[in-house]
Amino acid sequence: METISAVSINTPLLCDDEAVVGLDISTVSTGVAVLSNQGIKVANIDVSHAADKGDVFETIKRRLSLEKQLAEMLEGQRIKWLVVEDVFMGSNATTYRELVNLNNVPDELLVEGVLHTTQPIEDVLVRVQSRVWKSWIRSKIQDQGGIIHEGGRYLSDKQVVRQSLAAWGINPDSLGGGKGNQDRCDAFGMAFGLILNKENEGEGEVRRPPEGIPAAKGAKGGSSKESPLSDFEMWYQADLRSDSSFKEALRGRQETVLSKVEFNRVVTQGYD
């Protein structure tokens, strides 16, 4: 793994020998980030050459390759939390099946006792949706209205991560430039975001989506799979129909503003 000297953290959540690991798992290149008070390390794991395309055992060979490389990479680390982006069922069933296959590798390494943890394994693994961990790190650019281009377009997920890290004083290119940089940035963002989220827990500012609220469909310029209900949690116990601050909160978000019809539908189904 590459040690990043240009970036450092200092959090009371970790003892000197403890680490938070972020994993951005993909079917080709997985980003890995290890954050501790002693330093930052990043790497990529390439499983694309584990099997030839079309090999009947391609999926399992890639899985075994990821498992072997990840175990070797994290050997000797005392892991307090391991953050993995959850898999979303998209339109491509083949990719979804491959991602699910790879996404369970951290679980196996924990259950089999391959990884050294500093707390019970059920407390170590944090599987989180993409929109949630991005909300953990984007507060600085969101407060400044920086999640929208000057031209009025919303930033892409990649741009949100890069600009969010930059707002925290972290140059994305310092996490190892070139091929695989975005995978490393995402892995770092997950681990760093979890630390921010944990540090805010005592202040009641944890950004988690409320349970049981249906995702809004048909939002202009977006899709139902990433409806950002996590942005609504500060108001979900109030009378939203009479709370003007709720409507104000819809301005300047990364995704898209719900139409009046969709706004009323969410309120009606989610809170009545």
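Helices here are DSSP runs of H or I with at least four residues, strands are E runs of at least two, and both are numbered from the N terminus. The expected span of a helix is 1.5 Å times one less than its number of residues. With that in hand, take H1: its 16 residues reach 22 Å from first C-alpha to last, close to the 22 Å expected.

A quick word on the source: this is a predicted model, where local features need pLDDT of at least 70, side-chain atom pairs count only at pLDDT 80 or more, and totals for chains, interfaces and linings use all residues. Residues are numbered from 1 along each chain as its sequence is written, and side-chain values use heavy atoms, with hydrogens and water left out.

Now look at what H1 (residues 58-73) does with H2 (residues 93-103): the two pack at an angle of about 35°, with axes 9 Å apart. On the H1 side, Thr-59, Arg-62, Arg-63 and Leu-66 make the contact (heavy atoms within 4.5 Å), and they meet Glu-98, Asn-101 and Leu-102 of H2.

As for cysteines, Cys-185 counts as buried because its relative accessibility is 0%. A search of the whole structure for disulfides (cysteine sulfur pairs within 2.5 Å) finds 0.

Conventions
Axes fitted to C-alpha atoms, helices over the stretch in contact; angles between N-to-C directions. Buried < 20%, exposed > 50% of the residue type's maximum accessible area, 1.4 Å probe, protein only.
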